[in-house]
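Hi,

Here is the structure I promised to pass on. Have a look at it first, and then read my notes below.

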Amino acid sequence: MSSQSENLKVIFFEPSSETKGGNVIADGYFSFVPTFSEGESINITLARREMTNATVHNPIGHKTHRVVKTDWVLMIDERSKKALATLVVSVSRIDQIEPVADFPDIVATHA
């Protein structure tokens, strides 16, 4: 399957709650096998040029969702008999965006 990694689809799914139904919040194809751990904080944002939101400009530094669970869905294409894998990542929204640890300011001086 490594030579067919473009067949790996990842779906980010927000499960239903008492107040709203579940929905797919993002999906796409990966050229590598991503690893997500339950409880891990990740960033899911839609990048738009006109946005000035710090979350969009610093996707590594801000976490918007927490991984609840991961599930693999494997299907066989009847025609080609190849396995097609889909990774479903169930996430919950983090109410307050979690910044990662701040890096100290670097002051450069030269002699």
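How many salt bridges does the structure hold? There are three, and keep in mind that this is a predicted model.

Let's start with lysine 9 and aspartate 27, whose side chains meet at 3.4 Å, N to O. Lysine 9 sits in strand S1 and aspartate 27 in strand S2, so this pair ties together parts that are 18 residues apart in sequence. Lysine 9 is partly exposed, at 23% relative accessibility, and aspartate 27 is partly exposed too, at 47%.

Next come glutamate 14 and lysine 20, with their closest N and O atoms 3.6 Å apart. Glutamate 14 counts as buried because its relative accessible area is 11%, and buried means under 20%. Lysine 20, at 46%, is partly exposed. The other bridge joins glutamate 78 and lysine 81 (3.4 Å, N to O), and both of these residues are exposed.

Now for the inside. The largest nonpolar core has eight residues: Val10, Phe12, Ile42, Ile44, Val67, Leu87, Val89 and Val91. Strands S1 (8–14) and S5 (83–99) each give two or more residues to this core, and S5 has the largest share, with three.

Valine 33 is in the loop between strands S2 (23–30) and S3 (41–42), and is exposed at 53% relative accessible area.

Cheers

Technical notes:
Residues are numbered from 1 along each chain as its sequence is written. This is a predicted model: local features need pLDDT of at least 70, side-chain atom pairs count only at pLDDT 80 or more; totals for chains, interfaces and linings use all residues. Side-chain values use heavy atoms; hydrogens and water are left out. Helices (H or I, at least four residues) and strands (E, at least two) are DSSP runs, numbered from the N terminus. Buried means under 20% relative accessible area, exposed over 50%, partly exposed in between (1.4 Å probe, protein chains only). A nonpolar core is a set of buried Ala, Val, Leu, Ile, Met, Phe, Trp, Tyr and Cys residues joined through side-chain atoms within 4.5 Å. A salt bridge is a side-chain nitrogen of Lys or Arg within 4 Å of a carboxyl oxygen of Asp or Glu.
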